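Keep the 3D view open as you read.

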Amino acid sequence: MKINFLGGAQEVGRLGMYLETERAKILFDYGFKPGKPPEYPLAPPDLDAAFLSHAHLDHSGMFPWIAGNRKCRLVATPATKAITEVLLYDTLKINAAEGWTSPWDKDDLKQYLHDAHPAAFNGDVSVNGVEVNFHSAGHIPGAMMSEIILPDGQSMLFTSDLSVRHSRLVWGAHPVRCDILAIEGTYSGREHKIREQVEKELLDKVDEVSTRGGVAIIPAFAVGRTQELLLTFRDAGFNVWLDGMGRKITDIMLDMPDYLRDSRKLSSAQHRVSVVQTDHARKRAMKEADAIITSSGMVEGGPVLSYINHLKHDNKNAILLTGYQVPGCNGRRLMDTKTVMINGIEEKVECEIQKFDFSAHAGHSELVEFAKNCQPKKVIIYHSDDRAPLAEAMRDFAEEVVLPNNGQELSL
Ligand SMILES: [Zn+2]
Ligand SMILES: [Zn+2]
């Protein structure tokens with residue numbers, strides 16, 4: 001068997017792992033790296049099948065390209081398919097607005113939506129002698145790990161993005177015994193704070209902001225983070241408003257309750273917030289809200305920019321970031337320089353700015369513990385800017401730890 005990372009090996013973003021046996025050519029994930037302009041993975045050869053782990057664009061964003069350019073079997077959970085439909089149409093809009101050439105078009109996207117076969121947790125698909133079983137990856141609703149059984153009996157687990165702890169939204173992933181473990185390493189060398197502590201700090205900060213007469217703007221990724229936040233605010237008694245794509249994604253998740261830890265809680269959490277659907281409501285939110293949860297999470301577009309534009313001069317207000325801020329994005333700019341780019345103009349922001357760690361990825365020790373319990377002989381680490389700390393920890397129990405680079409073919 002050979003594998004080749006077409007992207008996303010020594011970086012977070014544009015992941016694609018190509019796997020080839022004598023008879024099967026299979027791709028696991030195929031996304032792009034959001035940026036200005038976006039970065040794309042290398043092209044795969046002809047394929048028999050492509051498996052999509054979850055909806056995030058760094059994993060899913062190039063599936064329409066596959067559908068349009070490589071006639072093959074496409075497999076994703078129904079939740080992933082439904083969420084990607086929203087994200088991918090939005091991607092086309094963003095590309096058009098920013099003037100970037102998209103590697104795929106609306107017809108390719110329609111083809112992807114037509115072709116994608118549903119995958120079920122604990123179900124399997126076989127491709128020319130390779131069997132692929134699906135397990136929940138935690139992370140976000142619908143996220144799956146692929147357990148790959150090769151014709152010679154060897155097994156490999158491709159985790160993709162992984163979370164082992166139970167969040168308010170989804171249950172954590174369980175280890176799967178395998179010979180080769182291909183594991184993500186986003187949090188290599190870094191640990192998370194206890195989630196309850198982070199939630200308390202966020203709620204305390206919103207309390208402080210509202211007591212001093214300000215509004216807390218909470219930029220949040222539409223998929224996963226928005227729903228976590230709705231659940232966090234559910235019993236806190238604040239006047240919370242929800243704006244942007246997160247609303248639509250929450251509805252999709254509620255339509256597929258099996259992927260959620262507690263769909264009734266999420267449903268009641270959504271009912272307790274005021275939903276912004278008009279400009280008039282947006283103005284009301286800025287006057288009345290204690291907190292406004294809105295996309296985009298990296299402050300790159302969506303309603304969050306209009307809130308910041310209106311509220312930026314008053315230092316009673318706060319911007320509370322809840323997710324990873326990629327270097328170069330507006331959210332990172334806010335943290336580093338207290339400025340944002342709005343319509344091409346650099347704007348000074350007087351609001352208080354703070355970041356909270358609501359990550360949906362396993363932290364360093366959680367990755368090590370998970371890997372140990374999979375009992376692999378060989379570990380392959382990808383989806384990370386700094387794999388060394390994780391590699392060192394994994395060498396304690398694995399015979400071999402491999403850190404591939406993009407485009408480097410490995411025989412296993
Ligand atoms: Zn993800
Ligand atoms: Zn990812």
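Start with an open sheet: seven strands in the order S6-S5-S4-S3-S2-S1-S22, with mixed pairing. Its edge strands are S6 (117-118) and S22 (409-411), each of which pairs on one side only. Two strands count as paired if DSSP finds at least two bridges between them. Helices (H or I, at least four residues) and strands (E, at least two) are DSSP runs, numbered from the N terminus.

This is a predicted model, in which local features need pLDDT of at least 70 and side-chain atom pairs count only at pLDDT 80 or more, while totals for chains, interfaces and linings use all residues. Residues are numbered from 1 along each chain as its sequence is written, and chains are lettered from A and ligands numbered from 1 in the order in which they are written.

Now look at one pair within the sheet. Strand S1 (residues 2-7) runs antiparallel to strand S2 (residues 16-20), and five bridges join them. Lys 2 has Glu 20 of S2 as its bridge partner. In general, strands of a sheet pair through backbone hydrogen bonds, either parallel or antiparallel.

Step back to the whole chain. It holds 13 helices and 22 strands. Its radius of gyration (over C-alpha atoms) is 21 Å, close to the 22 Å that the globule rule gives for 412 residues, so the chain is as compact as a globular protein of that length. That rule is 2.2 Å times the number of residues to the power 0.38. Along the principal axes, the C-alpha atoms fill a box of roughly 65 × 45 × 40 Å.

How is the chain divided? The domain assignment, automatic or from a database, gives domain 1 (2-190 + 360-411) and domain 2 (195-355). Their C-alpha centres lie 28 Å apart. Across the boundary, 22 residues of domain 1 are in contact with 18 residues of domain 2. Contact means C-beta atoms, placed from the backbone, within 7 Å. The side of domain 1 that touches domain 2 has 14 nonpolar residues (Ala, Val, Leu, Ile, Met, Phe, Trp, Tyr, Cys and Pro). It also has five polar and three charged residues; Asp, Glu, Lys and Arg count as charged, the others, Gly among them, as polar.

Finally, take helix H6 (residues 225-233). Nine of its nine residues are buried, that is, with 20 or more other C-beta atoms within 10 Å of their own. Among them are Arg 225, Glu 228 and Phe 233. The cover includes helix H5 (195-211), strand S12 (216-219) and helix H7 (246-255).

Notes
Contact = placed C-beta atoms within 7 Å. Buried ≥ 20, exposed ≤ 12 C-beta atoms within 10 Å, placed from the backbone.
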